[in-house]
Amino acid sequence: MLNLTPDRVTQTTYDAIDESKLSHYAIGHQWALTSDTTAATLLNRVHRWRRGGMPEAIGHWVQLMKVLGYDVVLKKRD
């Protein structure tokens, strides 16, 4: 489990997108299978994030990470 700062979350997201070897088009279409949003909107969202933006909603980021094969887990510190 990683203890991430906002900058590391951003970089980790970019790395996950790059390591997936999927195009933004492919990510958008995979994501659309589990979303009520069109593939075109989702691929544009991924493209915008990859150019330096980040999600407006944490739920969108969690959905993207799931498409890329990651689970996002929040754990309360002891």
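User: How many aromatic pairs are there in this structure?

Analyst: The count comes to one aromatic pair, on the rule that rings of Phe, Tyr and Trp (its six-membered ring) pair if their centres lie within 6.5 Å, planes under 30 degrees apart being stacked, over 60 edge-to-face and the rest tilted. The model is predicted: local features need pLDDT of at least 70, and side-chain atom pairs count only at pLDDT 80 or more, whereas totals for chains, interfaces and linings use all residues. Residues are numbered from 1 along each chain as its sequence is written, and side-chain values use heavy atoms, with hydrogens and water left out.

User: Why is the pair of Trp31 and Trp49 called tilted?

Analyst: The ring centres of Trp31 and Trp49 are 5.9 Å apart and their planes stand at 50°, so the pair is tilted. Trp31 belongs to helix α2 and Trp49 to helix α3, 18 residues apart, and the pair thus links distant parts of the chain.

User: How do you know that the buried residues of α2 line one face of the helix?

Analyst: In helix α2 (residues 24–32) the buried residues are Ile27, Gly28 and Trp31. Seen down the axis of α2, these residues fall within an arc of 100° (taken from the directions from the helix axis to the C-beta atoms), so they line one face. They pack against α1, α3 (39–50) and α4.

User: What makes Lys21 count as exposed?

Analyst: Lys21 has a relative accessibility of 74%, and therefore counts as exposed. Lys21 lies in the loop between α1 and α2, and it has a positive phi of about 60° although it is not a glycine. Ser20 has its place in the loop between α1 and α2, and, leaving aside residues up to four places away in sequence, Ser20 touches Ile27 and Leu68 (heavy atoms within 4.5 Å).

Methods: Buried means under 20% relative accessible area, exposed over 50%, partly exposed in between (1.4 Å probe, protein chains only). Helices (H or I, at least four residues) and strands (E, at least two) are DSSP runs, numbered from the N terminus.
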